[in-house]
Amino acid sequence: MPRYYTEEHEWVDVDGDVATVGITDFAQSQLGDIVFVEVPDTGAELAAGGDAAVVESVKAASDVYAPVDGVVTEGNGQLEEDPALVNSDPEGEGWFFRMTLTDKSQLDGLMNAEAYKAFIADL
Amino acid sequence: MTETDFTGEEAVPTATLPLDAWHRAKGGRMVEFAGYWMPIQYEGIMAEHQWTRENAGLFDVSHMGQLSLEGEGAVEALETLVPGDIAALKPGRMRYSLLLGEDGGILDDLMITNEGDQLGIVVNGAVKWDDIGYLRENLPDDVTLNHNEDYGLLALQGPKAADALARLVPECTDMVFMQAAQATWNDHAIALSRSGYTGEDGFEISLPNEALAAFADALCAMEDVKPIGLGARDSLRLEAGLPLYGHDLSEDTDPIEGDLGFAIGKRRREEANFPGAARILGHLADGPPRKRVGLLVDGKLPVREGAKLFDGNTEIGVVTSGGFAPSVGAPIAMGYVPRDHAAPGTAIAAEVRGKRVPCTVAAMPFIPHHYVRKQGG
């Protein structure tokens, strides 16, 4: 299952037409202790680069953008009870939402793991 | 994620404080604050917050302005600009006060200490240059204002602060809350006060820039002491109900609106001779039109600065600071509401991203203060 990354520090796992989206370990380490996550409603139509979710650390609220176009099929309900999952397992249990992809060719514009690693090394 | 979360745009060059390298070596994440690079956190805001409530946290607050006033008539001159009874301040005692503009609006909040031969004043870093200009303009020529830039300021806060500091400066244990003293450490002249901005017992220590790193190292070598960043400083003071200038107080706020009536001395009320006395004493007698209050937030969604406050569909006020409160275990906030909504228990709502979040007006502090007011008491 290929994993893609964005310059806005989201990761995208793709399985057929379904993508699972979260924020990277680098992003959670920059944000610090996460105290609240607002995931999109099921059925929400997301456009690449548009607002998708909000993650709140002790210090500030940050927007999470949709990496590609799609329709939300599920938000991670576990984050409501345990937002700190984003800190403890950002690229696993701390996923934000799942969506069906509208245009899979948009994935070509995202980075692979190697490219993302180089990208954050330059920040 | 937005890029601005990771790279701030710099309009003016950001200055470094004497402990800059020390913070970086300790793993401090540096951010621009009040024109300086300062550590927002080391290991994490939540852990640092809890550490300070249970042990002792060391804060570098060298960005703050350390001023002194000397000369014949310094007390009387300062009293023309602040509403506190400075003349009644005994040597070695300090008081919280407010620098007031002509209309009674708050230009800054500050600490004033009677140091015997002079008055010590500590002002907020973000407005210190404005304060200095305002003081110079409004003080008579025979009162000298010094800006002691050769000194840094550290705060050691928490239930284990006194024991830790006593290993370096034994005389600190004899002091009580809002008491100040001179001391020496390794041949450096230092000044300390039993005060702070966390609600915990603790001290602020002023010492020469060249002694800061060695003093901070000596404290952090103790197992009860860790360095704490600005993030936890903010969550600690919020829980303690202490306002932050530029957020909870501004030149559009007067002391009564800011719920700081205690800072207006009894004699000063009778004399009514401080800036904006008519407005301020009027608000004191009749109640202010709006007032700073604490807010307990229902649920987990943090309510932050700028959130509008509502009673039903009527907008009634605004949140001036807020966030998750680690020791409360829930979001809390401070904001301004009309006088008739200021009673603890009043149910209102805050608007966050188009959603209404129920809030209840709450008495402050949210976490009880632990000041040491009496020796042996």
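In this predicted model, in which local features need pLDDT of at least 70, side-chain atom pairs count only at pLDDT 80 or more, and totals for chains, interfaces and linings use all residues, A:Tyr4 has A:Val12, in strand 2 of chain A, as its bridge partner. Residues are numbered from 1 along each chain as its sequence is written, while chains are lettered from A and ligands numbered from 1 in the order in which they are written.

Strand 1 of chain A is joined to strand 2 (residues 10-15) by 3 bridges, and the two run antiparallel; strands (E, at least two residues) and helices (H or I, at least four) are DSSP runs numbered from the N terminus, and two strands pair if DSSP finds at least two bridges between them. In chain A, 6 strands form an open sheet with antiparallel pairing, in the order 1-2-3-9-8-5.

| Edge strand | Residues |
|---|---|
| Strand 1 of chain A | 3-5 |
| Strand 5 of chain A | 45-46 |

The contact between the chains takes 19 residues from chain A and 17 residues from chain B, where contact requires C-beta atoms, placed from the backbone, within 7 Å. Strand 7 of chain A supplies the largest share of the side of chain A that touches chain B, namely 4 residues.

In chain B, B:Ala77 lies in helix 3 (residues 74-79). Leaving aside neighbours within four places in sequence, B:Ala77 is in contact with B:Leu139, B:Pro140 and B:Val143. B:Ala77 and B:Val143 are 66 residues apart in sequence, yet 7.8 Å apart in space, C-alpha to C-alpha.

Note on methods: Two residues are in contact if their C-beta atoms, placed from the backbone, lie within 7 Å.
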